[in-house]
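Trainee: Could we go through this model together? I would like to begin with a single residue and then widen the view.

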Amino acid sequence: MRPENQSSVSHFLLRGLPIRPEQQGAFFALFLAMYLTTVLGNLLLILLSRLDARLHTPMYFFLSHLACSDISLSSVTVPKMLVNMQTQDQSIPYAGCVTQMYFFMCFASLDNYLLTSMAYDRYVAICHPLHYMTIMREGLCILLVTGSWLLSFASALPHTLLLAQLSFCDDNTIPHFFCDLGALLKLSCSDTSLNELLIFTVGVAVITLPLICILISYGRIGATILKVPSAKGICKALSTCGSHLTVVSLYYGTIIWLYFFPSSNTSSDNNIIASVMYTVVTPMLNPFIYSLRNRDMKGALEKLINRAKVLSK
């Protein structure tokens, strides 16, 4: 790396959440509870998917990886935010900031790809039920998941390498609770046009294309349901796709509002609130959404509880 391209800052300051000092304790307890719920809820979902033979299906295979991704996404940002709230030390080393940004982008991208794979799985289940096991064979599921992980880590790498070439001069305060790429680019005193072009290009591959694939899948699902507009068929489709569609709506709704419809009136505080939605709230809600509306998951949980009661006696 050339000396003139190296950053002149050794650390950044994370401004954190837009809350008053007297509210720090209450928000610390709230976000700690939400983070623990996220970790424990998603770990339970992974455990049930592994232990119960009824859940050894493509849908739960994808779901277990989504749960792992959600744990990782929250763990990249929330623990550091909680430490900052408790210690009132807002600093983060330059290397730590770049590392946090890289892994945040990795797991955010992974969610997109996994949700797309799950949409394809639901499309095959409803539109081609007789050929479901033939199409969604184990090899294809492993390929989709492996490809999702590899693409996610690969897509975040160019952003990190280009960011490392930028210089950061006087202002090192990030108006966010984590090292967001957009916020970092605004602090740079270098030319960021190439970084912004990369954001647009990779954003198409990471966000737009997966969303289009999901919409096409549900469009085909809707067309299939309309061909046989029976109440039983509609109920079956809703029970099959309802949980996934709810998660997709929460996740992409927040991202679209934050990145695709920027407004000059939108403050950084609103951006922080939107980021909290998809880094903290959505990962926490996913286990409840998939468990409360799923009879197989409820049955697996009851079976696990009964087994624990027997072992405790």
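**A conversation about the model**

Mentor: Let us begin with Q88, which counts as partly exposed because its relative accessibility is 48%. Please keep in mind that this is a predicted model.

Trainee: Where is the place of Q88?

Mentor: Q88 sits in the loop between α2 (58-87) and β2 (91-93).

Trainee: And what is phi of Q88 near?

Mentor: Phi of Q88 is near 65 degrees, a positive value in a residue other than glycine. Most residues other than glycine have a negative phi.

Trainee: Let me step back. How many helices and strands are there in the protein chain?

Mentor: The protein chain has ten helices and three strands. Read from the N terminus on, its elements follow the order β-α-α-β-α-α-α-β-α-α-α-α-α.

Trainee: What percentage of the residues of the protein chain count as buried?

Mentor: The buried share is 47% of the 313 residues. As for contacts between residues at least 6 apart in sequence, 81% join residues at least 24 apart.

Trainee: Now the helix pairs. At roughly what angle do the axes of α5 and α7 cross?

Mentor: The axes of helix α5 (residues 138-163) and helix α7 (residues 193-227) cross at roughly 175 degrees and come within 10 Å. α5 is therefore roughly antiparallel to α7, the cut-off for that term being over 145 degrees.

Trainee: Which residues make the contact?

Mentor: On α5 they are S155, P158, H159, L162 and L163, and on α7 they are L194, N195, L198, I199, V202 and V206. The residues of this contact between α5 and α7 divide into eight nonpolar, three polar and no charged.

Trainee: Changing topic, how many aromatic pairs does the structure hold?

Mentor: There are 18 aromatic pairs. One of them is F104 with Y278, whose ring centres are 6.1 Å apart and whose planes stand at 40 degrees, so this pair is tilted.

Trainee: Which helices do F104 and Y278 lie in?

Mentor: F104 belongs to helix α3 (residues 94-127) and Y278 to helix α9 (residues 268-292), so the pair ties together parts that are 174 residues apart in sequence.

Trainee: Are F104 and Y278 buried or exposed?

Mentor: Both F104 and Y278 are buried. Ring pairs also link F104 and Y278 into a cluster with F177, F178, Y251 and Y252.

Trainee: What about T38? Which helix does T38 lie in?

Mentor: T38 is part of helix α1 (residues 24-51). T38 counts as buried because its relative accessibility is 0%, the cut-off being under 20%.

Trainee: Which atom lies 2.8 Å from a polar atom of the side chain of T38?

Mentor: That is the backbone oxygen of M34. Leaving aside neighbours within four places in sequence, T38 is in contact with D70, I71, S74, V280, P283 and M284.

Definitions and conventions: Residues are numbered from 1 along each chain as its sequence is written. This is a predicted model: local features need pLDDT of at least 70, side-chain atom pairs count only at pLDDT 80 or more; totals for chains, interfaces and linings use all residues. Side-chain values use heavy atoms; hydrogens and water are left out. Helices (H or I, at least four residues) and strands (E, at least two) are DSSP runs, numbered from the N terminus. Buried means under 20% relative accessible area, exposed over 50%, partly exposed in between (1.4 Å probe, protein chains only). A polar contact is a pair of N or O atoms within 3.5 Å; within protein, one must be able to donate a hydrogen and the other to accept it, and residues adjacent in sequence count only if both atoms are side-chain atoms. Contact means heavy atoms within 4.5 Å. Axes are lines fitted to C-alpha atoms, for helices over the stretch in contact, and angles run from 0 to 180 degrees between N-to-C directions. Angles under 35 degrees count as roughly parallel, over 145 as roughly antiparallel, 65 to 115 as roughly perpendicular and the rest as oblique. Ala, Val, Leu, Ile, Met, Phe, Trp, Tyr, Cys and Pro count as nonpolar, Asp, Glu, Lys and Arg as charged, and the others, Gly among them, as polar. Rings of Phe, Tyr and Trp (its six-membered ring) pair if their centres lie within 6.5 Å; planes under 30 degrees apart count as stacked, over 60 as edge-to-face and the rest as tilted.
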